[in-house]
Amino acid sequence: MTTSFRHTEPLPPKAATGRVAEVYEQIARDFGIAGPPTFVVLSSAPALLAPAWALMRESLIAGPGSRTGKEVAAFGVSAANKCPFCVDAHTVLLHATGDHALAERLVRGQEPEDAGHARVLDWGRRTRVPGAAGEPYPFPREEAPGYLGTALAFHFINRIVSALLTENLFPADAQRLRPVRSLAGRSLSRVVRRPAVPGASLALLDEPGPGPEWAGGTAVGPAYAALRSAALAGGGLLDADEQALVRRAVGAWDGAHPPLAPDGFPDRRERPGARLALLAALAPYRITDEDVAAWRRPEHTDHCLVHLVAYGAFAAVDRIETALSARTAREAS
């Protein structure tokens, strides 16, 4: 899977060394794709790469719950976030699980025939709205770490992809052709159907915390905690007033996609950093070359831009997770 990067020029995976090379090696083995752009784009900020991969691996790939169900949830999340690249990727991965008819129904905008999958798809879509997707879950309670971790991982990944990659999963938009989707999925089927050992990615992290209660003591918790710490560190690229502005705006967000006009984001001439962070949180597909150029200075490298976008992206994830956790706690009491 190849694509074009927007706003950054990360090094090719073959040039990677150290921890980044270790992450790529595990991605190739457990995800089946060598150097997927969804993670290569984070390599300009290595502190983000390992925990982003760890959260996806420990929830979607190795976490509790069926891979098909979690792919359906991730499809719903990606559709709600208007991330065509990720929607197409999950379609291919559903082909890889062997669920070809399900994959093609979703491509056509149809609901799954299986009622359980339909409920999971609806749940995935609703996770974009803070507080709208708590219990009762459309999956067994013991599978919550896998499903919640998957949803939150892709709320982050969708935003990174929409901000920093083009929309095409394959060159020339070839994923629009059913034979291409099916063939790509079949090429990944052996890896996708192979059981993965939980916790293998945690060795790539630096002293992660235990994570939230909903993770239930699984490896999803430390992976989430590590990504949260690494992503929110990007707030240091903003001054205190800008950080407060971002927190207020995301705290008041109801999950809606902001209208094009009037543009309620900070003016790029006055607060370009806050504008970029808020766009990354609420509408990353609207980040333009002009937005990035207004913020760029000689000291603002690709490393800085990826950290700033990740900060905004995780601000939205944090809002969703906090509301989800609060509702889950209320309904459990």
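At what angle do α5 and α6 pack, and how far apart are their axes? They pack at about 160°, with the axes 7 Å apart. Axes here are lines fitted to C-alpha atoms, for helices over the stretch in contact, with angles running from 0 to 180 degrees between N-to-C directions.

## Ground rules

This is a predicted model, where local features need pLDDT of at least 70 and side-chain atom pairs count only at pLDDT 80 or more, while totals for chains, interfaces and linings use all residues. Residues are numbered from 1 along each chain as its sequence is written, and side-chain values use heavy atoms, leaving out hydrogens and water.

Helices are DSSP runs (H or I, at least four residues), numbered from the N terminus.

Twelve of the 13 residues are buried, so α5 is largely enclosed by the rest of the structure. (Buried means under 20% relative accessible area, exposed over 50% and partly exposed in between, using a 1.4 Å probe and protein chains only.) Among the buried ones are Phe85, Cys86, Asp88 and His90. The cover over them includes α1 (18-31), α2 (37-40), α4 (67-80), α6 (100-107), α8 (144-164) and α9 (178-192).

## α5 against α6

Back to that opening pair: α5 and α6 pack at about 160°. That makes α5 roughly antiparallel to α6, since angles over 145 degrees count as roughly antiparallel, under 35 as roughly parallel, 65 to 115 as roughly perpendicular and the rest as oblique. The crossing is left-handed, meaning that the near helix is turned anticlockwise from the far one by less than a right angle; clockwise would be right-handed.

On the α5 side, the contact (heavy atoms within 4.5 Å) uses Thr91, Leu94 and His95. α6 brings His100, Leu102, Ala103, Glu104, Leu106 and Val107. By class, that contact has five nonpolar, three polar and one charged residues. Ala, Val, Leu, Ile, Met, Phe, Trp, Tyr, Cys and Pro count as nonpolar, Asp, Glu, Lys and Arg as charged, and the others, Gly among them, as polar.

## α5 against α9

With α9, the axes come within 6 Å and cross at roughly 60°. α5 and α9 are therefore oblique to each other, and α5 passes α9 in a right-handed crossing. Thr91, Val92, Leu93, His95 and Ala96 of α5 meet Arg181, Ser182, Ala184, Gly185, Leu188, Ser189 and Val192 of α9. This contact has six nonpolar, five polar and one charged residues.

## α4 against α8

Here the axes come within 9 Å, crossing at roughly 35°, and the crossing is right-handed. From α4 the contact takes Gly69, Lys70, Ala73, Ala74, Val77 and Ser78; from α8, residues including Tyr147, Phe154 and His155. By class there are six nonpolar, six polar and one charged residues.

## Two loop residues

Gly32 sits in the loop between α1 and α2 and, at 29% relative accessibility, counts as partly exposed. Not counting residues up to four places away in sequence, Gly32 touches Ile27, Leu188 and Val191.

Pro210 is in the loop between α9 and α10 (220-232), and its 71% relative accessibility makes it exposed. Leaving aside neighbours within four places in sequence, Pro210 is in contact with Gly221 and Pro222.
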